[in-house]
Structure formats: C-alpha cells, structure tokens
Amino acid sequence: MNIPSILRSLLATGTLLSLYFLGGCSKPSTGAAANEILIGHYGSMTGSTATFGQSTDKGVRMAAEEINAKGGILGKKIRIVTEDDQGRPEEAVNAVLKLINQNRVTAVIGEVASSRSIAAAPQCQSARVPMLSPASTNPKVTEIGDFIFRGCFIDPFQGAAMAKFAMEDLKLRKFAVFTDVKNDYSVGLAKFFKEKVRELGGEIVADESYSEGDVDFKAQLTSIKGRNPDAIFLPGYYTEFGLIARQARELGMTVPFLGGDGWDSEKTFEIGGKAIIGSYYSNHYSPDDTRPKVREFVKAFKQQHGQVPDAMAVLGYDSMYMMADSIRRAGSTDGQAIRDALATIKGFEGVAGNITMDAGRNAQKSLVVLKIEDGNKTSFVKSVEP
C-alpha cells in the first residue's frame, strides 16, 4: 500500500503516528522497556521493490521469535521495530532517524538496496548505532564508517564471478551490458563485470542504460540486437528485468540474460513469464542446498509463510542472528561494544553460508549461480568461493 500524502507530511515533521505496514511495523516507542532490547529494521515494505523489504522483515522477525523462545539475549527479549522507507533513499534517511531518535533502538538492520543504505548509513555512523545491512552489495556502503557492516558479499566478487562463469562455464565471449544508471548497485555491478570480462579476453560489444521505473526498452534492445552479443548482462532489480526480457523476446532476441542477486523475488516469474527461462544469476543461497541448516529454515519458513524463502528472507534471518550473537558476546547493549563484536565475527554458520567479517566490515562468504527454469523455479548450477 502507499502512504497518503498527508501522512507523509506528518512523518516529515516528526509527528508520531501508529502505522502498520502489512502487519510488520511496531508502534512508536520512546525506548526499550527494562526487559527488552529494541532492534530497528528499515526497508521497502511498500513501493516498487516491496518484496525486498517484506521478505527481509519476515526473516528478521522469524529469527527474533526463535531467539526469544530460547530465552532472549542477556536475559532480555528482542523487540523489532520496523520502518517503511517506501523504496526511496530520502525516506530511508527519515526511517533511520526515527529509529534512532524516537525509538532509541540498540542497533539497526537494513537496508537491502545499496542506494538506500548509502543514504541512511551516515545517520547510524553519526549516532554511533551499529548498522548491519543484510544485502547491500555496493562497496560504498561500509566505506561510510566503522559502525556500518554488511552480512553479504560485495559487487567486485559478484560481478567478477558472473563474468568468469559466463566465459569459462558457458563459453561466451561477447556481451552487452544494460545498466540502471540511477541505481548504485546496478552501476557498481556493471563496472566489475565489464572489468573482469576484459581481463579474461572477452568483449563488451554494447553498453546501454535505463532508469528505474522505465517501461519501454525497445530502443536500447534494438541497438543491442544489432551488435549480436552472446548474452546480455542486466545488473538491475526484478522490477525491470522481467519487462526487459519480455521486450527482448518480442524483438526476436534469444540470447540468455545474466544478472545478480537483485533478480531474486517471487515477482520475477510473475513479471517475466516464459521470457526469463534460461537466464542465470548470482545469489546468496539456493533453496535446493542440502545442508541441514538450509533444509530446516526452508521448512520452517514455508510452514509460517506458505512460500519458499527468497534470499532476502534468508539474509534478514542471518543478520538478526549475527546481531544477537554480537550483543551476547559484547555482554552489553552499548553501541561501541556491539560494533566491536560485529567486527570479530568469524566462521558464523548462517543459512546463506559461513560468514567471516573482514577488515572492511564486509562478509566473506560464497555465492551461488542459479538458472531460471520453466515452472517458476530455479536450479542450482554452482557455488563460487570468495
């Protein structure tokens, strides 16, 4: 749902409102009760990329429920406070300011999208409130400051891995790159993909761009078609990928699409239909993984939510557990102590794999390559170690 303009105006002036987004947000609070620890989550609960925020929130809350059922942390229960940023960087700033100044959260989990994390992270850094992004892969996110962390791999690894996979596994040589120029994630991932292709002796035969929210891509696709690439690398979000794939097929283009973790959403299949079959993308986990931790999580998530969890749900779940583990090891809810504990995460066993935090506060972990199959499903292709 969209927030009416009058409510947005009230929020902008700092008015306290009791808002519920899809049942996921908590009431305004002036701080934690004596027997609880407040953790803030901000994400796109509404807007064009709403599945990102909604899935992450489900994962965060599922982890918090499990932790509380086992006694909580430091003798206290976790309470999640979720703020909707509507998928807009400026609203991400407002959401984080509210979590810090009004709710007085101990720590923050979010955002999924790099552009929104880049916009909001300075607020956490300034307030010295630890922030853990579940899925923002652009390198700039953690460069903002020493209180900013991420629980996922970064784009230099993701972009290079997909270039190497395309050239060595699929034996492709010529690529078109189609970038969302308003999206830090897309721009960064495209950059690293192109660098690796050239390093390996491949060729970028077309380099086109679009902007999030566009709906007509036929001019760019016609130009790409004329350059006869072996594949099209599309490092954007699921919202545009499906439309672009449909229009490419309408133009008679049959080459595969390659992409990154921004494609991972149940809406990808709904928007793209048959046009996306045969495409490949990098992701944080595969629901087909046979590790017991993955099997248990997928089973529990399906029982609770009636669907197979996407990567954002997994990363939200892992992030909450990493934050809880850090608070426990810190033995305190002090921001500096939690920050120091987050920085020493080593060999953390998550659903999305084993995680070690490097000196730049980026998670060192593997990625998986998935292929989109007929029947609205993906198949595991390979795992790539960092």
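Colleague: To start, how many salt bridges does the count come to?
Modeller: The count comes to 15 salt bridges, where a salt bridge is a side-chain nitrogen of Lys or Arg within 4 Å of a carboxyl oxygen of Asp or Glu. Before we go on, this is a predicted model, so local features need pLDDT of at least 70 and side-chain atom pairs count only at pLDDT 80 or more, while totals for chains, interfaces and linings use all residues. Residues are numbered from 1 along each chain as its sequence is written, and side-chain values use heavy atoms, with hydrogens and water left out.

Colleague: Thanks! Which side chain does K194 meet in a salt bridge?
Modeller: K194 pairs with D207, at 2.8 Å from N to O. K194 sits in helix α7 (residues 184-199) and D207 in strand β7 (residues 203-210), so the bridge ties together parts that are 13 residues apart in sequence. Helices here are DSSP runs of H or I with at least four residues, strands are runs of E with at least two, and both are numbered from the N terminus.

Colleague: And is K194 buried or exposed?
Modeller: K194 is buried, at 16% relative accessible area, whereas D207 is partly exposed at 44%. The cut-offs are under 20% for buried and over 50% for exposed, with partly exposed in between, using a 1.4 Å probe and protein chains only.

Colleague: Where do K218 and E250 lie?
Modeller: Their side chains form a salt bridge at 3.3 Å, N to O. K218 belongs to helix α8 (residues 218-226) and E250 to helix α9 (residues 238-250), so this pair links parts that are 32 residues apart in sequence. K218 is partly exposed at 36% relative accessibility, while E250 is exposed at 56%.

Colleague: What about E90, which side chain does it meet?
Modeller: E90 meets R88 in a salt bridge of 3.0 Å, N to O. E90 is partly exposed at 41% relative accessibility, and R88 is partly exposed too, with 30%.

Colleague: Let's switch to packing. At what angle do α3 and α4 cross?
Modeller: Helix α3 (residues 89-101) and helix α4 (residues 114-127) cross at roughly 30°, and their axes come within 8 Å. That makes α3 roughly parallel to α4. On the terms, axes are lines fitted to C-alpha atoms, for helices over the stretch in contact, and angles run from 0 to 180 degrees between N-to-C directions. Angles under 35 degrees count as roughly parallel, over 145 as roughly antiparallel, 65 to 115 as roughly perpendicular and the rest as oblique.

Colleague: Which residues make that contact?
Modeller: On the α3 side they are P89, A92, V93, V96, L97 and I100, and on the α4 side S115, R116, A119, A120, Q123, C124 and A127. Contact means heavy atoms within 4.5 Å. By class, there are ten nonpolar, two polar and one charged residues. Ala, Val, Leu, Ile, Met, Phe, Trp, Tyr, Cys and Pro count as nonpolar, Asp, Glu, Lys and Arg as charged, and the others, Gly among them, as polar.

Colleague: How far apart are the axes of α12 and α13?
Modeller: They are 8 Å apart, with helix α12 (residues 311-330) packing on helix α13 (residues 335-342) at about 115°. The contact uses M322, M323, S326, I327, R329 and A330 of α12, and A337, I338, A341 and L342 of α13. Those residues divide into eight nonpolar, one polar and one charged.

Colleague: I was also looking at Y280. Is it buried or exposed?
Modeller: Y280 is buried, with a relative accessible area of 11%, and its place is in strand β10 (residues 280-283). Leaving aside neighbours within four places in sequence, Y280 is in contact with residues including M162, F165, F257, W263 and V381. G259 is another of its contacts; the C-alpha atoms of Y280 and G259 are separated by 6.4 Å, though the two are 21 residues apart along the chain.

Colleague: Last topic, the backbone. Which residues does a cis peptide bond join?
Modeller: A cis peptide bond joins G110 and E111, with omega about -15°. E111 is in the loop between β3 (107-109) and α4.

Colleague: And what is phi of L74 near?
Modeller: Phi of L74 is near 55°, a positive value in a residue other than glycine. Most residues other than glycine have a negative phi. L74 is in the loop between α2 (50-69) and β2 (77-84), and is partly exposed at 39% relative accessible area. N228 also has a positive phi, near 55°, and lies in the loop between α8 and β8 (231-233).
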